[in-house]
Number of protein chains: 2
Amino acid sequence: MNTVADISALPTPTLVVDLPTVRRNIANMAGYVKSHGLKLRPHAKTHKSHRIGRLQIDAGAIGLTVSKPGEAVVMADACDDLLIAYPAFDAFRAPVLASMAATKTVRVAVDSRHAVDRLAEVATIGGVTIGVLVDLDVGFHRTGVQSPAEALELAKYISLAHSLRLDGLMLFPGHVFTRSESQAGPLAKIASLLQETIDLWKRHGLAATIVSGGSTPTAMQSHLVPQLTEIRPGTYVYNDLNCVAGGWCRLEDCAARVTCTVVSTAVPGKCVIDAGSKTLTSDRRFDAPDQAGFGHVVELPLAKISRLSEEHGEIELNGESPPLLGSRLSVIPNHICPCVNLHDQFWIREDDGRLSASIVDARGRVR
Amino acid sequence: MNTVADISALPTPTLVVDLPTVRRNIANMAGYVKSHGLKLRPHAKTHKSHRIGRLQIDAGAIGLTVSKPGEAVVMADACDDLLIAYPAFDAFRAPVLASMAATKTVRVAVDSRHAVDRLAEVATIGGVTIGVLVDLDVGFHRTGVQSPAEALELAKYISLAHSLRLDGLMLFPGHVFTRSESQAGPLAKIASLLQETIDLWKRHGLAATIVSGGSTPTAMQSHLVPQLTEIRPGTYVYNDLNCVAGGWCRLEDCAARVTCTVVSTAVPGKCVIDAGSKTLTSDRRFDAPDQAGFGHVVELPLAKISRLSEEHGEIELNGESPPLLGSRLSVIPNHICPCVNLHDQFWIREDDGRLSASIVDARGRVR
């Protein structure tokens with residue numbers, strides 16, 4: 001294993017993940033779901049790392065969630081139960097899932113008869129069973145059937161396909177994206193919609209064994225939606241500045257930081273780091289998209305990353321002393337998921353403080 | 001070579017580059033610089049591709065520009081003359097440049113004595129000469145010395161280093177980012193600043209043999225800054241929606257498109273494609289950051305990509321007929337450079353219409 005003693009031995013910009021913080025974040029979420037009788041199926045999109053996924057499984061997660069069959073293939077080495085929370089029905093995606101279903105539990109969330117037909121087809125050819133969740137739109141209006149009646153209609157259709165198994169419902173409450181104290185109203189509305197759907201299914205002899213909810217912003221409020229059997233948060237494993245801004249974690253819970261080098265201090269009142277949009281992404285902070293800048297500089301808490309070029313991050317010092325040219329700074333990004341996706345490898349700060357090289361195993365999958 | 005006859009044979013989302021359009025864009029810029037007695041040193045950050053870089057050299061470019069030594073190493077296979085338009089002085093970057101300078105012409109742009117010292121050190125150890133350009137801030141206020149007097153002071157310092165060769169000036173007019181008709185004023189101001197600097201250097205016996213300017217937005221107005229000897233546009237090779245919005249190209253000059261699949265049509269008035277922020281980037285359009293959406297859907301010209309998740313692009317149809325589930329759409333991104341950087345490989349539509357797989361050779365370089 002490629003291991004170094006100190007961050008100064010690493011070329012920049014690079015991503016460093018603090019293992020003790022990751023362990024604490026994982027334990028925290030595991031504790032929450034346990035205390036509320038929920039199951040946890042973390043979304044691997046955040047880390048795309050076999051090793052981190054394995055940590056989640058070891059801490060009690062029942063399986064992993066992914067967006068792409070190519071990611072499922074990687075994560076299948078870490079667990080036996082995979083949910084593709086994506087309408088992965090096309091001719092390049094569906095056969096991968098059928099093939100995986102020969103040895104693993106594979107589930108897919110869908111919102112169309114077309115997707116059901118395609119999945120049934122490949123499952124039949126492969127002689128396997130694929131589990132299906134009906135994606136129900138609970139207010140984010142991205143994907144998902146539009147009403148309990150539509151959910152029933154699609155559930156009936158799924159239940160007729162011999163190679164598919166109707167497992168339940170999936171929802172993504174992406175619109176409930178505010179500080180936790182104000183989530184109760186929107187979550188009660190979701191609970192009511194779910195209950196209506198479940199009751200309707202029941203009256204037609206169909207059961208929603210799984211009701212899969214939640215991402216990081218609402219994860220710790222999932223008990224307010226008693227219909228949920230499991231949740232799928234992803235970001236919580238590393239956290240980021242959006243999580244801090246939303247009140248879902250503290251700054252010290254942010255496990256992933258971009259280590260960078262100060263490359264210019266020529267412009268008064270500023271310094272420039274070697275982390276731009278190709279390192280941090282240009283994702284803005286949800287609560288203050290035009291004001292908040294592009295990340296938190298740990299060593300310069302008053303400073304603001306005011307503008308990104310592709311390979312430059314411009315930091316307005318706001319009274320902080322200009323750092324030395326060539327010195328190192330570390331940045332907590334606004335949104336860690338697409339940031340991780342920009343890096344081929346990252347470094348894990350192990351429990352003993354040493355840094356070991358790790359691969360972002362599941363990045364760069366086309367399908 | 002991995003070649004397919006048709007776009008339908010490719011898993012999505014994927015990047016497809018039209019070679020005839022690339023050739024036309026390259027010829028167009030080559031024609032412009034030739035007619036104005038300028039030299040062209042295209043920035044390879046846009047394509048990060050050895051093959052495309054080679055096309056630029058074959059069309060008369062005198063060398064290539066890069067941001068990172070790791071990119072220079074890749075592009076060194078395509079040409080013998082490399083400009084690192086970045087203060088690449090740290091202990092991980094500078095030695096790579098010294099090593100390359102043994103067989104290639106290597107130049108670096110700097111804005112500090114610290115950078116000069118570090119580069120002189122590695123060049124001395126390596127027994128090589130590195131060319132240096134003084135980065136002069138002409139109004140973008142990112143990097144660069146702040147005045148002709150500072151430029152003189154740094155030029156003198158460089159000229160004292162035996163292993164370095166003072167080659168001239170570099171500027172980045174990133175603030176001149178408007179439609180071409182209104183560029184004349186800001187460009188005249190830049191010309192005046194350059195002339196003042198060049199005259200000051202001359203009075204102290206120093207020559208700016210190279211005056212390197214311009215990126216795509218101002219490229220075709222470079223003759224308004226008569227001090228320039230060369231320009232470094234990058235985006236022009238592919239173009240993007242920002243170039244169209246800025247009036248620097250036409251829609252049909254956009255050579256790179258993301259081919260994607262319609263994965264959901266469940267929400268009325270919308271369809272969802274499998275290209276989100278991890279495929280297109282969340283870069284906004286410079287002229288209408290909050291209104292313009294995240295790219296142009298070629299097949300649905302009235303539609304708008306109104307919201308991106310990581311793997312979903314939500315398209316408001318705006319009266320366009322909903323496309324069929326599973327059908328293909330192609331998207332011209334707002335900003336092609338970070339978009340290319342998200343893809344490990346891309347497909348080139350050759351002159352005969354066939355698609356051949358190509359690698360984004362220089363992506364993922366840490367330093």
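How many cavities of 30 Å³ or more does the count come to?

1. The count comes to four cavities of 30 Å³ or more. The model discussed here is predicted, and every value in this note is computed from it.

2. The largest cavity holds about 120 Å³ of space. It is lined by 16 residues, of which A:S277, A:T281, A:L342, B:T281 and B:L342 are the closest to its centre.

3. Both chains contribute helical residues to this lining: α10 (277-280) of chain A and α10 (277-280) of chain B each supply at least two residues of it. Sorted by class, the lining of the largest cavity comprises eight polar, four nonpolar and four charged residues.

4. The next topic is the interface. In chain A, 63 residues are in contact with 63 residues of chain B. Between them the two chains bury about 5,100 Å², and 52% of that area is on carbon and sulfur atoms.

5. Ten salt bridges are found across the interface of chain B and chain A. One of the salt bridges in the model joins B:K68 to A:E311, with the closest N and O atoms 3.6 Å apart.

6. On the side of chain B that touches chain A, β11 (256-264), β12 (270-273) and α11 (336-340) of chain B each supply at least two residues. The largest share, four residues, comes from β11(B). By class, this side of chain B has 23 charged, 22 nonpolar and 18 polar residues.

Technical notes. Residues are numbered from 1 along each chain as its sequence is written. Chains are lettered from A and ligands numbered from 1 in the order in which they are written. This is a predicted model: local features need pLDDT of at least 70, side-chain atom pairs count only at pLDDT 80 or more; totals for chains, interfaces and linings use all residues. Side-chain values use heavy atoms; hydrogens and water are left out. On a 1 Å grid over the protein atoms alone, a cavity is a set of points where a 1.4 Å probe fits but cannot get out, and a pocket is an open set with protein on both sides within 12 Å along at least five of seven lines; lining residues have an atom within 4 Å of a point. Grid points are joined across faces, edges and corners, and a volume is the space filled by probe spheres set on the points. Ala, Val, Leu, Ile, Met, Phe, Trp, Tyr, Cys and Pro count as nonpolar, Asp, Glu, Lys and Arg as charged, and the others, Gly among them, as polar. Contact means heavy atoms within 4.5 Å. Buried area is the accessible area (1.4 Å probe) that two parts lose on being put together, summed over both. A salt bridge is a side-chain nitrogen of Lys or Arg within 4 Å of a carboxyl oxygen of Asp or Glu.
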